[in-house]
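Visitor: I am new to this structure and would like to learn how to read its features one at a time. Could you take me through them slowly?

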Amino acid sequence: MARILVHTLVFAPDGVSTSQIVSELAHDLHDYEHKVVVLTTQPHYNRDLDAEAQQPLQRRLFGLYYTSQYHGIRVIHTRMRRKADRVSGRFSDYLIFHALSLILAAFLIGRQDAVLSVSPPLTIGVIGWLLTLIKGGKAIYNVQEIYPAVMVQTGMLTEESRLYPILKRIERFVYRTSQVIVPISDGFKATIIAEGIAPGKVVTIPNFVDTEFICPQPKDNELSRELKLLDKYVVLYAGNIGITQSFDMIIEVMGRLADHPHIHFLIVGDGARRVQLETLIGEKRFPNVTMLPYQPRHVVPNIYATGDLHLVPLMAGTARTTIPSKIYTIMASGRPALVSVDHDSELVSVVQSANCGLATPPDDADALKTAILRAYAERETFQQYGANGRRYIEQHYSRKAVSAQYDRLIRQLTNG
C-alpha cells in the first residue's frame, strides 16, 4: 500500500473526459488499498449538476477552497473560475491553482509516497516536483499532451516567440525531475526520449474507457427518438469543441452533403470554439445539422449509440502531440470511427490495428466527404468495424487492465 497524492487540474464532479479518466483511476487505486488524496480545482470545465449533487462540495475558508468525498477518497478543490471562451485568462488561472495547491498541501495533506501529476498544464509537473519536496515521495508525471509542441501546432505560439524557449526549459526540467514519466502512447514516449530523457524512466500507459458503462447500445433510444434521428445516418462528433479540432473542414463537408437527406450531422459538446461554431452553423442554415451543448454523463451511452459514424478530426500536426480519449469511447460503444488526422499518428495506428474504421488526411474536406459517403454506402461493413473496435478495447484499453498497470508501477516505484 502506498500513500498517493493525485494532483490534477480536473477531477470529479467535473464532467470533462480527462476528469472522468483520472477520477476512475483514483477510485481503482483506492480499491487496490492505496491511500489516495486528491488535490484539484472546483468544477469549472463541463459542469454536471447531477454529478455535483451526488458529490457535494463543502465550502471552506470563505470559499478559498472546498472539500468533497469521492468513493471514500478525500478531495480538496481550489477555487477556479468557470472555463470560458478565452485562452489568455488560463495562464492566470493556472498560476492561482498552483499557488493554492502548494499552500493547501502544506497545511492539509500529510506525508506521501508518490505524487501523480496529470498534465496539462505543463507547469503542473513543476508543482508536482515541489510537492514531493514538501511532502516526500516520488514524482510521477502523466503526459496527456506534449507541451509546448501542441501550442505551436495549433497556432497559439511560434518557435520564434519569447515564451517558447521558456516553455521548452520547463518541459525539460519536468522530465528531468520526475522519477517516472507516463505518456499515454508510444509516440509520445519517443518524443520524450528524443529530449534526452533516459528510456528507462518513461513508461507508456494508455488511457482507458469503462467498458461496463460504455458498451454497444441500440440506436433506438430516448435521445435519438427525441431528436428524430432514427431514420437518419448520423455522423457524430462528441467532445471538446476546441482549437485542435478541424471544424472548418467539417462545416465545409456539411454544406457539400446538405443535399443528402439521409445523412445528418450531430455535434455534441462545449469548448473554446463552441460559440463560433454555433454561429457559423446558424448563418448557413444547414438542414442536416443538429448541435447540442455538453450533456450529463448518464446521457453519454445514448449519445454514442445514436451515431452511426463517429468523427475524430484534428488539425494537421496535432495528432502527434494529443490523443483524444474519445477514440476509446467510440470503440467501446461498438461504433465505427472516421479519423481525420496525420497518417503517422498513434490514432491511425489504433484504428488500423483494431480494424475499426477509416483514416483520412487532416483538413481535407474532399477526403472526408468521400469517406462519409463510402461509410453510408457500406453500412454493413462499417457495423463490423464497430464490433472489431469493441473487441480490441476489451483486450487492450479496458479500465481494469490499465488501472492494474498503474498499481504495479506505483508499487514498484515506492517499494524500490
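Guide: Let us begin with the interior, where a nonpolar core is a set of buried Ala, Val, Leu, Ile, Met, Phe, Trp, Tyr and Cys residues joined through side-chain atoms within 4.5 Å. Buried means under 20% relative accessible area, exposed over 50%, and partly exposed in between (1.4 Å probe, protein chains only). This is a predicted model, in which local features need pLDDT of at least 70 and side-chain atom pairs count only at pLDDT 80 or more, while totals for chains, interfaces and linings use all residues. Residues are numbered from 1 along each chain as its sequence is written, and side-chain values use heavy atoms, with hydrogens and water left out.

Visitor: Which residues touch the most other members of the largest nonpolar core?

Guide: That core has 62 residues, and those with the most contacts to other members are Y141, I181, I192, L266, I303, I327 and M331. Taking contact as heavy atoms within 4.5 Å, I303 meets L223, L236, A238, V268 and Q295 once its neighbours within four places in sequence are left aside. There is also a second, separate core of 30 residues, with V253, M291, L309 and F382 among them.

Visitor: How should I read two helices that pack together?

Guide: Two packed helices are described by the angle between their axes and the distance between the axes. The axes are lines fitted to C-alpha atoms, for helices over the stretch in contact, with angles running from 0 to 180 degrees between N-to-C directions. Helices (H or I, at least four residues) and strands (E, at least two) are DSSP runs, numbered from the N terminus. Here the axes of α9 (residues 247–256) and α10 come within 11 Å and cross at roughly 15 degrees, so the two helices are roughly parallel; angles under 35 degrees count as roughly parallel, over 145 as roughly antiparallel, 65 to 115 as roughly perpendicular and the rest as oblique. The contact joins F247, I251 and M254 of α9 to L277, L280, I281 and K284 of α10.

Visitor: At what angle do α1 and α16 cross?

Guide: The axes of α1 (residues 17–31) and α16 (residues 399–415) cross at roughly 60 degrees and come within 10 Å, which makes α1 oblique to α16. On the α1 side the contact involves E24, L25, H27, D28 and L29, and on the α16 side R399, S403, Y406, D407 and I410.

Visitor: Is R273 buried or exposed?

Guide: R273 is buried, with a relative accessible area of 14%, and lies in the loop between β10 (263–270) and α10 (274–284). Not counting residues up to four places away in sequence, R273 touches I241, G242, I243, Q245, F247 and D248. K369, in helix α14 (residues 365–377), is partly exposed at 26% relative accessibility and is in contact with V253, R256 and L257, again leaving aside neighbours within four places in sequence.

Visitor: What should I look for in the backbone itself?

Guide: Most residues other than glycine have a negative phi, and most peptide bonds are trans. In this model, the peptide bond from S119 to P120 is cis, with omega near 0 degrees, and the bond from P120 to P121 is cis as well, with omega near 5 degrees. P120 is placed in the loop between β6 (114–118) and α4 (124–135).

Visitor: Where does F62 lie?

Guide: F62 lies in the loop between β3 (58–60) and β4 (65–70), is exposed at 77% relative accessibility, and has a positive phi near 60 degrees.
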